[in-house]
Amino acid sequence: MITNKRQVTSKDLKPDMILAEPIYDIDGKTLFSEGLRLNVKRIERIRNLDKNTVFIEEISYEPIKEKSMVHEHASIFEKNAAKRKSIILNETRTEASHVVSEMLDTVLDGNSIKAEKIKKIVERMIGAILLDERVVLNLSNLSAIDDYLLSHSVNVCVLSLVAGVYLGLTQAKLMKLGSGALIHDIGKMLVPQEVYNKPDKLSDEEFKIVQQHTIYGHKILRDTLKFDSETANIALFHHERMDGLGYPHKLTKHDIPIFAKIVAVADVFDALTSKRIYCDKVDYYHGVLYLIEHADTQFDIEIVKKFITMIGYYPIGLYVKLNTGDIGQVMSKNMLCPVVRIVKDSNGQTLQNYYEIDLYKNPGISIIDLNIEEFKNRRASK
Ligand SMILES: [Fe+2]
């Protein structure tokens with residue numbers, strides 16, 4: 001790490017820059033000392049002094065050795081996951097557990113499932129999510145529920161709903177998305193248990209039987225529960241993939257409905273990060289890397305971007321755009337609010353000397369877009 005001094009105009013000052021020289025007020029008294037970290041208020045006072053330029057510290061780094069950092073940061077991500085749980089409101093937790101217990105009574109109750117009951121539960125979930133979007137961070141790890149299909153259904157529903165909120169869907173659309181997501185795998189009830197629960201690799205014939213759950217599910221949603229086609233199609237199309245290698249109809253890109261695309265991402269992410277009979281779970285960090293690696297081939301890239309922003313796991317080295325217009329690279333640590341190294345300013349000019357912003361200390365600054373294409377290419381070329 002090398003520390004230098006750089007002169008910047010006061011209008012280019014940004015939070016988290018560090019003063020390299022003291023700043024004096026009009027009476028010659030020290031207003032801010034050397035070494036002080038700037039924030040929005042301090043910048044405002046400096047600008048009010050009519051001071052044209054200021055010296056700030058410039059810290060340059062060696063390029064990131066991303067590969068060697070992956071495992072170290074995977075464990076940091078997991079540690080921070082525990083911290084994130086503590087910021088969820090108790091009321092939200094209680095609400096979520098009620099929703100889960102109602103799910104136990106309804107979905108497992110076979111023929112007595114009523115569309116109205118599903119809608120009522122989804123409506124409550126939407127209410128809880130709109131009160132506190134961070135509910136997903138708590139619910140996405142509902143390992144306390146033994147039944148995988150049940151906990152997976154609830155998780156996929158919540159993940160899909162929060163993604164829907166991030167995508168700006170209306171309440172009416174969220175109702176359809178949530179209802180379909182909650183029972184997207186209901187057709188599995190009609191798949192022979194010995195095939196569905198088989199711990200070993202499925203034969204081609206068995207895999208074809210499992211694939212039928214999309215057709216069965218669609219029939220239950222459309223004919224038994226009388227859901228509209230947008231909702232019922234979630235059960236039918238949630239295994240379709242962008243490259244046409246999904247099932248049951250091998251649809252591609254624009255032919256796959258958006259609700260099915262959202263549920264596909266939530267479904268795979270939760271399946272990867274939950275414990276299942278036939279394979280061990282991966283941590284969230286590697287779950288995110290999987291989504292990135294399969295963005296565009298399997299999943300809609302724009303939905304993957306929203307999904308990653310929503311769950312707040314930003315891989316080290318990922319280029320992001322901030323709401324200030326600056327472009328930076330994720331450096332580490334805090335999942336929701338990582339440290340970002342700014343490499344380009346809001347005019348797209350590459351900075352000769354990097355500086356860093358800790359988003360945790362600057363709550364007004366946030367990530368608004370991700371350049372996962374570039375991250376994916378870099379990983380592929382290694
Ligand atoms: Fe499925």
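This note sets out numbered points on the structure shown above.

1. Basis of the model. The structure is a predicted model, in which local features need pLDDT of at least 70, side-chain atom pairs count only at pLDDT 80 or more, and totals for chains, interfaces and linings use all residues. Residues are numbered from 1 along each chain as its sequence is written.

2. Confidence. The predictor's confidence in each residue is its pLDDT, on a scale from 0 to 100. The protein chain averages 76, and 75% of the residues score at least 70. Over residues 60-90 the pLDDT stays under 50, and the model has 39 contacts beyond four places in sequence for this stretch. The pLDDT is also below 50 over residues 138-145, a stretch with 18 contacts in the model beyond near neighbours in sequence. Two residues are in contact if their C-beta atoms, placed from the backbone, lie within 7 Å.

3. Overall make-up. The protein chain has 15 helices and 9 strands; helices (H or I, at least four residues) and strands (E, at least two) are DSSP runs, numbered from the N terminus. Of the 382 residues in the chain, 34% are buried. A residue is buried if 20 or more other C-beta atoms lie within 10 Å of its own, exposed if 12 or fewer, and partly exposed in between, with C-beta atoms placed from the backbone. Among contacts with a separation of 6 or more, 62% join residues 24 or more positions apart.

4. The largest nonpolar core. This core has 77 residues, and Val265, Leu291 and Val304 have the most contacts inside it. Helix H12 (residues 258-273) gives the largest share, 9 residues. Such a core is a set of buried Ala, Val, Leu, Ile, Met, Phe, Trp, Tyr and Cys residues joined through C-beta atoms within 7 Å. Beyond four places in sequence, Val265 touches Leu291, Phe299, Ile303, Val304 and Phe307.

5. Helix H11. In the protein chain, confidence is highest in H11, at 95, and lowest in helix H2 (residues 66-85), at a mean of 38. H11 is largely enclosed by the rest of the structure, because 7 of its 9 residues are buried. These are Thr231, Ala232, Asn233, Ile234, Ala235, Leu236 and Phe237. They pack against H7, helix H10 (213-224) and H12.

6. The pair H7 and H11. Helix H7 (residues 171-182) and helix H11 (residues 229-237) pack at an angle of about 35°, with their axes 8 Å apart. Axes are lines fitted to C-alpha atoms, for helices over the stretch in contact, and angles run from 0 to 180 degrees between N-to-C directions. Lys176, Ser179, Gly180 and Ala181 of H7 meet Glu230, Thr231, Ile234 and Ala235 of H11.

7. Helix H13. In helix H13 (residues 284-293), 7 of the 10 residues are buried, so the rest of the structure largely encloses this helix. The buried residues are Tyr284, Tyr285, Gly287, Val288, Leu289, Leu291 and Ile292.

8. Phe375. This residue is found in helix H15 (residues 372-380). Phe375 counts as buried because it has 24 C-beta neighbours inside 10 Å. Leaving out residues up to four places away in sequence, Phe375 touches Ile292, Pro315, Gly317, Leu318 and Tyr319.

9. Val195. Helix H8 (residues 193-196) contains Val195. Val195 has 17 C-beta neighbours inside 10 Å and therefore counts as partly exposed. Val195 and Val210 are 15 residues apart in sequence and 7.4 Å apart in space, C-alpha to C-alpha.
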